[in-house]
Every structure is written in C-alpha cells, then in structure tokens.
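Subject: Structure for your review

Dear colleague,

Please find below the structure that I am passing on to you.

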Amino acid sequence: MNAVELATILLAWVFGVHIPLVYTVLGVLWTLPALEYASRGDGRYMVAVKGIARYLIAVYAVGGVFGTIITVFLAGMLPVFTNLAGVLLWPVWATAIAFGVAIALPLIGYWYRTLGHMSPGRHAALGFLTAGFTTVIPLMFRLVFAVVNYPAGVEVVNDPSSLVGFDLVVRNYWALFSNPTYPPLILSTLLGAVAFSNALITFVYGYSSSNLEVVSMSRKVALTFGAAAALSGVWYLFELYYYAPTMAWSILGGMPSTIPASLATVFMPTYSLVAPFIAAVILGLVSAVALLTSSRIKSRALNILGLLTSIATVIDVEEVNLLSHLPYAIIPPVSAAEELASQYGVNFALTVAKVLSASTMATTLNALAVFVSADPAVLYFSMAFFALFTVLVLVGIYMALSWRRGS
Amino acid sequence: MSTLEAPLLARWLSGVGIMAHLLLASMFIGTITFAVVAEYRYMRTRDDDWRLLARTFAVIATIFLGVGAAFGTLVEFGLVVLWSNFVTLIGSGLVLPFYFELYAFLMEVVLVPIYVFTWDRFRNGWYHWLIGLVAALGALYSAFNILAVMAAMSMRPPGLEIVELPKSIGQVIQYAAVFTSPSGVLNMFWSGAEIFIFHGILAALILSWSAIVGLTIYSHRRSPKPYKLKALRTMLPALTALIAVEGFVIGHYQGELVVQFDPLKLSAIEGMFWSGFKVDPLLSLLAYGDTTHGFWGYFSWPASIRPPSFLPAFYLGFMVAGGVLLGAWSLGLTLYYYDLHKVKGFGWIKGIERLLVVGGPYALVLLAALASIGGAVTAEVGRQPFVLVKAVPSTTGPPEITGIPVGLGGLYNPTLTLTPWLAALIFAVELLMPALAIYMVYLYLNRRVVE
C-alpha cells in the first residue's frame, strides 16, 4: 500500500462518517426552529422537536470529533498541503472555528436548554440565529473545498529560492469567494443538508408510525429541498466542467472539451467515477420515490429502504466529490497552466502541477506512510477499529434517541 | 531568515488556550475515573449512594468532554493558524501519537455517551461498568498520546533528526523532523517520554480530584449527606497517595531527565543565575546523591536562547511549594475524615480542624491550580525558544542547545496578522469556554438537587 492509497482510504472513511453527521446537524438546526414556529407550541409537534433536539446534542460532538480526525489525517498524511493550507487560508479556518466553537456551541446549548421555556416565536428566532451562526462553518470549509477544486485567488509566483521553485500567495482573501465552483457547492450543501435531515426524520418516524404530522411536513420539505439540491448539483457539475476539468473527467468519464489536447495527460484523473456517480443518481431517485410512496404505503421495509438510500446518497456524492480530485490535491486551472507555460516555460508549469498532486503531498515528509508500509498490520488493525467505532457511533445515536429521562 | 521568538501575543494566546484545555481535559479524566470507581463500589456493595455518585459524575464527565472536545478543536486550529509549520513536523515525524490519539478519542467520544445513556439497560451491570472503564481508559490513553508529543517538544526523542531544508518550501516550510528509520516513530514513546507522560497524567488526576474534593467538602459542610462523606473517604487517601507518588517518585525521575537532557532549562528553573560551571551541593545531592557535581549557570548561554528568568517562581514557588502544601493539606483532611482526631495521639488534628476543613476547599483548589500552572509553565516555557530540544555536549563550553525555533521561519505562521482586538476576542473565548463548562455543571447539580 502506498502513501496515496493510505491517505485516500483513511480520508474517504472519515469523510464518509463525518459528512452525514454534520449534514444532519446543519439540516436539523434549520428545520427545528421552522417546525417550532409552524407548530406554535402544539404539543404533537413539540414531542418530535424535543426528540430531534436530543439527537442534535448527541451528534454535534461526535460529528465534531470526526472533523478533528479529518484534521489529524490531513496533517499526518498530507502535511505539506495542510501546512500550506493553514498558512494561506488562516482567516478561513479562524472564522470557521470562531463561529463553530465560540459562538455556535454555546448557542446550541442555550437553545436546547430554553426549549419549552420561551415563547415559540422567540425560541424559533433564537434557533434561526443559532442555525445562521452554525452555517458559517460549512460556508468556510466548503470554501476550502472550492479552492482545491479551482484555486481562485491563489497566485503562483515563480521563486527560485523556494525548494519547489514557486510560492503560493493569497493577496486578497475576498478573491477566494470569486470561485465559480463555490456558489453551487455551498448551495447544494445547504439544500442537501435540509433535504437529508428531513428525509431521515420522515423515515425514522415513519418506521415507528409516530409524529405523523411531522412526517407529513418533513416529507414535503425533503422532496422540495432535495429537488433544489439536485439542481444545484447539476450547476456544480457544470462549473466543474469548465473550472475543474479533472473532476468533470473523472465523474463524467470523458475528457472535457475545455482541456487542450496537449494538456490531456496533465489533467487526466486517477479514477473513473462514472459508476459511483450513476449509483448516486439512482440512490437519490430511489430515496425520492420512497419519500413519495411512503405517504400512501405504510411499510416498515419502505422506510428502511428510504433511510438507507438517503444515507448512501450523501456518502456516495461526498466520496465522488473527494476522490475525483485525484491525482491532484489542488487541481491546477487550465488557464493558469497555459499562462505559466507561456510565461515560464512548459517545464515550470509541469513542476507546479506535479507539486500540487496528492502523490507529492502524500509522499513528502510522511512518517506515517513510511511506518505503515513497513508494518501494514497497523493499517489493518486501524481499519477494523474504525469500522467497529463507526458501528458504535450508530449504536450511540440509537441510545440517545431512545433515552428517556429517569430511565 | 528565522527569528527565534514568536510575538508575545501569540505565545500568550497559546499559553492561555493550552491551560484552559488542560483544565477541561483534567476535569474530564478525573470525573470519568471517579464515576467508574463509584460504579465499581456500587456493584460490589449495592449501596445506592455509590450509584448516585457514579451517575452524577458520569454526566459531569460528559459535560467536560463535550466542552473539552470543542475546545480541543479550538486549540487544534490555533495550532494550524498560529504555528502552521508545526503541521509539517507532525507529518514528517511526530504523527504516531496523533494517530493513536484518534483511537483514544473515539473511545471517549463514542463510549461516554453510551455509558450515560445505558444505565440499567444491561441485565448484568458489569457490562455497563465495563463500558465506563473502557471510556475512562480512552481518556487516559488520549492524555498519554498528547503528553508524548509534549514530551518530544521538551526532549527530542532518540533517532529524531531535525532537517533544515536547503531552501524553504514556498517561503513557508523551513524545517522538518525525520526519524532515521521507519520504526523510529515508536521512539515517540521512549522511556524518558513515559516519565513525562505519567507525570502529566498524575498531575491531571491530582488537579481534578483536588477540585472535586474541595467542592465536596464545601458542599458537605453546608448540607452533610452520607454519600458525600463516602466520596471524601474514597478520594482523599487516593489523592494523598497520588501527590506522594507524583512528588517523591515520578517528580524525581522527571527532574533527573531535565538534568540529563536540558541543562539550560535546569539552570533557568532552579534559579542558577551564574555564568560558567559551578558546584551546587544541594542540587548535586538531589540529582546525583553526592555534593560534588557542578552545573552550568543560566548566564553561560547567550541571552537569545535563554528562557525567561521568572521560571523559579513557577517551578519552586508554585509547583514544588504548592505541591508540598497540597499534599500536607490532603493528608490532614484524610486523617480528619477518617476520624483519626478521635484516636489517642492524633488529638492535634482537632486543633487545626477549622483551618483544615473550612480552608480546605479553597486551599485544595488553589494549591492544585497553582501547582498545575507552575508545572505546565516550567515544562513549556522552560524550553523556549525551541521545540524538539536537544542538548549537544561541547568540549569548549556549556552543551549546545538545539531545536526548531518557534518564531518566524520556524513554527510561526508568516502570513498571520494578529491584531490586539482579535487576540482579545480569542482570550475571551478561551476563558469563557471553561466558565461555560463549570456553569453547565452547576446547572446540572442544581437540577439534581431540585429533583
């Protein structure tokens, strides 16, 4: 097993657990105040609101922990990339953490504690405020994703005194937001989070035939937001086609016309992810059909199918988004490659592309990869351990959901 | 071009953040450990007082875990934002403890909620206790790994070499730390590191149990209850024993490590403010068992690499004196709560009852806090301005102190603009987070009383 494969496996696993959890945190945070406001303190809705809020409290910390695991894997497996990302994008990290920890955490705790002790309108307003602050976290982290798709705002400066021959510089942090892949990415994330959370609410309560008013409302929200998220996904793919051609090539299976034939080998993806992409579309459709039919057919099997396909859709889409970058950690833009080639020569452009590859990032100064290749048992033990704890996370969530005070 | 020191504001931010995280992590370790001990006592005796204590402390532990984990994320991003180039050191050499820490972290974060949500769910209660035990071991293992990294900061592990790159990477990365062989990464847990680690884990337990005992004494004085007395009678002897082991055994070995591996830190913390090589009979006796050994004085090294001269106040004043007083107070309270003042020959305890018991809550908390702060400052400020410190013997003068500088060109983020208002905001968060945890515990305990 080489360093890139190791990094890929570990990051794919941790993203596969982290993203569904934080999607539900985000989606639930926007859904609950809406539900609370719509119900105006109606007891039938409030039972569900309190149950879902308990889930939120249990999952926020677990989701956060998996975020920390991502950081450790990035630092351990791609140290140079993480180091440079820390230096270049520090305001982005700082803003995310300031909102994620300093503001959102106490607000979520306060919101949970005041549930049922404040007028529904005021409490819903507090909920929306909390959701707004929490949303800054994905707004920032998705900006990092957008930068690795297409490094808008990041300049490559020729520097013979640098070991790699160039420096990466961000002169204006606001320029990062001009990234064309960012709006559809963040939009599909936010819409998808609300759709996913409401789909889960529909299927979980549908399975137990409880909180039927909430089920009906959540189903409509899941379908509406799911459709909007799918449209945003199409927009995202469209932007990738023009600005992150390696990803588009990997996902669609053919070389985008935006890549000059002479640069085909530079932008060729490592994996063809056509099958996982089609699978994601099918899973999403099955999930939508399950949502639609569950209003008429009362079937536990249908709810389980809907639940599993919803989770699988989110994981699949996220993995496709992550893996389609390969072989790059940061995909060099076609326009930049051409400009660098004309300004400094083809060799310099190729050097930049090579340095930005995941292979260079993962094999440079990577003690863990060296250690694991010398002793692969460490990795096998890790995979077994992580699998066990993924199951235990689900058990923990189930326990939290089924917990009753005083029991 | 590198500078040795980072801006003072950045060092203060990290210092306060690490202290606050240390407090939260210590409280989690202490409370989850006590919950498991209490549940064990319940399983053995079926005394409901122990069950109440175990459940209460399990919830308190969850609060500290939740806020502590969030704060850990803050510290972690602080590392990436302030000391960006430390990330390269992690990847190039120090990764293994961080990697193992993930297992520990998962054990804590997944099992602690399961522990809290599964009271009375198992027909055989020992299964539930086992979940708590593994969660507590996860907490201790987490501390083990993070302390291994902190140990490496002060004492470079065997086989770890600092590589100064011929050219920087992108004007950012100048240094890497690389083990000479693939299995060298295991040296992160070498014997010297293990002493540092156990010193730190015991310190965490002492800090948290001192706080718990102090608050329990205070609460017991206001409204005496049998379960509070039982808690005190369990924790006080254990606390006294821990302080004794920390001071007399592990503290001694830790001191020997400093003598052996970092003579500059030794001179700074012991207040050896002279130039050149000089015999110090008392320190020689403590370190070598005779009075003939000499030591290099603080002024033997250039001013640019000397740690601050205020360190004796933290080491001798806060850590050593605070620790000794804490041990004495804890011993006195142990004797008192075991009613030894009623036994012939121990009547003098009655004479100092008021001092012991009324002053106890304040003294235990204050002394434990001072000793912990003293220890942490001694370890972390004493190695300034370097990380991965190693003393290289010299034939012409004092040992050469080598390491990676924490300033620009070393660890510090070259693109960071740390304005005072931003720093003030971060300071506020660093102080408010532990306050939030304490407030949540207060709310929980108040609600329990009402229920």
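A salt bridge, as the term is used in this message, is a side-chain nitrogen of Lys or Arg within 4 Å of a carboxyl oxygen of Asp or Glu. By that criterion, 2 salt bridges are counted between domain 1 of chain B and domain 2 of chain B. Please bear in mind throughout that this is a predicted model.

The two domains of chain B

Domain 1 of chain B takes in 1–189 + 416–451, and domain 2 takes in 198–261 + 263–382. Their C-alpha centres are 23 Å apart. In the contact between them, 26 residues of domain 1 of chain B meet 26 residues of domain 2 of chain B. Together the two domains bury about 2,100 Å², and 80% of that area is on carbon and sulfur atoms. On the domain 1 side, B:Met19, B:Phe34 and B:Met155 lose the most area to domain 2 of chain B; together they make up 21% of what that side buries.

A salt bridge is also found between the side chains of B:Lys230 and B:Asp49, with a distance of 2.9 Å from N to O. Which elements of domain 1 of chain B give two or more residues to the side that touches domain 2 of chain B? They are α1 (8–45), α2 and α4 (125–154) of chain B. Helix α1(B) provides the largest share of that side, with 12 residues. By class, the side of domain 1 of chain B that touches domain 2 of chain B consists of 18 nonpolar, 5 polar and 3 charged residues.

The contact between the chains

Chain B contributes 61 residues to its contact with chain A, and chain A contributes 62 residues. The two chains bury about 5,400 Å² between them, with 77% of it on carbon and sulfur atoms. Of the area that chain B buries against chain A, 13% is supplied by B:Tyr99, B:Leu106 and B:Phe117, which is more than any other three residues supply.

How many salt bridges are counted between chain B and chain A? The count is 0. Residue pairs in polar contact between chain B and chain A number 7, with both residues at pLDDT 80 or more. On the side of chain B that touches chain A, the elements giving two or more residues are α2 (48–82), α3 (86–117), β1 (160–169), β2 (173–179) and α12 (420–450) of chain B. Among these, α3(B) gives the largest share, 21 residues. The residues on that side of chain B divide into 39 nonpolar, 15 polar and 7 charged.

The overall form of each chain

Chain A contains 16 helices and 2 strands. Its radius of gyration is 22 Å, which agrees with the value near 22 Å for a compact globule of 407 residues. The C-alpha trace of chain A spans about 70 × 45 × 40 Å along its principal axes.

Chain B contains 12 helices and 6 strands. The globule rule gives 22 Å for 451 residues, and the radius of gyration of chain B is close to that at 23 Å, so chain B is as compact as a globular protein of that length. Along the principal axes, the C-alpha atoms of chain B fill a box of roughly 65 × 50 × 45 Å.

Points of backbone geometry

Most residues other than glycine have a negative phi, and most peptide bonds are trans.

In chain A, the peptide bond from A:Leu326 to A:Pro327 is cis, with omega near 15 degrees. A:Pro327 is in the loop between α11 (300–323) and α12 (334–344) of chain A.

In chain B, a cis peptide bond joins B:Gln384 and B:Pro385, with omega about 5 degrees. B:Pro385 lies in the loop between α11 (353–381) and β5 (386–392) of chain B. Strand β5 of chain B also holds B:Leu388, a residue other than glycine whose phi is positive, near 55 degrees. B:Arg46 is not a glycine either, and has a positive phi of about 60 degrees. The loop between α1 and α2 of chain B is where B:Arg46 is placed.

With kind regards

Conventions:
Residues numbered from 1 in each chain as written. Chains lettered and ligands numbered in written order. Heavy atoms only, no water. Contact = heavy atoms within 4.5 Å. Buried area = accessible area lost by both parts, 1.4 Å probe. Polar contact = N/O pair within 3.5 Å; in protein donor to acceptor, adjacent residues only side chain to side chain. Helix = DSSP H or I, 4+ residues; strand = E, 2+ residues; numbered from the N terminus. Nonpolar A, V, L, I, M, F, W, Y, C, P; charged D, E, K, R; others polar. Domains from an automatic or database assignment. Rg over C-alpha atoms; globule rule 2.2 N^0.38 Å.
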